[in-house]
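Please open the structure in a viewer and keep the sequence beside it.

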Amino acid sequence: MKIAAVAACTSGIAHTYIAKEKLIRAAESMGHTIHVETQGTIGTEDELTTEQIREADIILLAIDIAITGTDRFEGKKIVKVPTNIAVKAPKQLMTKIESELKKG
C-alpha cells in the first residue's frame, strides 16, 4: 500500500514530528510505502509531491488543526485522525487503513 500523509498538531512541534516518525516506522514494518509531510510553526516540511499524491492508495491526515493544500487530495480516499492516534497506536491505524481500502 502507498500512503501519502500530513501530520500537524496544535502547537506544530512535538506531536507533529512524533506522529511522523511513528507513522513511518509502522508503515514500513508492515511493508507499506509512506511519505509524510509536516505542517507546523516552522512551515511545511517534506511537502508531498504531485507524483506521491497521485500514486497514493490513500491519504492519511493525522491532524489536530486545519491544514493548507487539501485541494491536492481531491478524488483520493482520505482517512483523518487526531495526531494522538498516530502517536499512540500507529500499527492499529495502519490495520484500519488496510481495511478501509479493502472496502473500496
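**First stop: a buried threonine**

Select T38, which is buried because its relative accessible area is 0%, and buried means under 20%. The model is a predicted one. T38 is located in strand β2, which covers residues 33-40. Now display the surroundings of T38: leaving aside residues up to four places away in sequence, T38 touches A7, T16, Y17, K20, G43, T44 and E45.

**Second stop: the nonpolar cores**

Remain in the model and select I3, L23, I34, L60, L93 and M94. These are the residues with the most contacts inside the largest nonpolar core, which has 20 residues. Which elements give two or more residues to this core? They are β1 (2-8), α1, β2, β4 (58-63), β5 (78-81), α3 (83-88) and α4. The largest share, 5 residues, is supplied by α1.

Not counting residues up to four places away in sequence, I34 touches I3, A5, L23, I24, A27 and M94. Another core, of 11 residues, lies apart from the largest one; A4, V6, I53 and F73 are among its members.

Select helix α1 (residues 14-29) together with helix α4 (residues 90-103). Two packed helices are described by the angle between their axes and the distance between the axes. Here the axes of α1 and α4 come within 9 Å and cross at roughly 60°. The two helices are therefore oblique to each other. Their crossing is right-handed.

Colour the residues that form this contact. On α1 they are K22, L23, A26, A27 and S29, and on α4 they are P90, K91, L93 and M94. Sorted by class, the contact of α1 with α4 comprises 6 nonpolar, 1 polar and 2 charged residues.

**Last stop: the segment before β1**

Finally, select M1, which lies in the segment before β1. Is M1 buried or partly exposed? M1 is partly exposed, because its relative accessible area is 21% and buried means under 20%.

M1 and I34 are 33 residues apart in sequence, and the distance between them in space is 8.4 Å, C-alpha to C-alpha. To complete the tour, display the contacts of M1. Not counting residues up to four places away in sequence, M1 touches H32, T33, D57, I58, M94, I97, E98 and L101.

Definitions and conventions. Residues numbered from 1 in each chain as written. Predicted model: local features only at pLDDT ≥ 70, side-chain atom pairs only at ≥ 80, totals over all residues. Heavy atoms only, no water. Axes fitted to C-alpha atoms, helices over the stretch in contact; angles between N-to-C directions. Helix = DSSP H or I, 4+ residues; strand = E, 2+ residues; numbered from the N terminus. Parallel < 35°, antiparallel > 145°, perpendicular 65-115°, else oblique. Left-handed = near helix turned anticlockwise from the far one by under 90°. Contact = heavy atoms within 4.5 Å. Nonpolar A, V, L, I, M, F, W, Y, C, P; charged D, E, K, R; others polar. Buried < 20%, exposed > 50% of the residue type's maximum accessible area, 1.4 Å probe, protein only. Core = buried A, V, L, I, M, F, W, Y, C linked by side-chain atoms within 4.5 Å.
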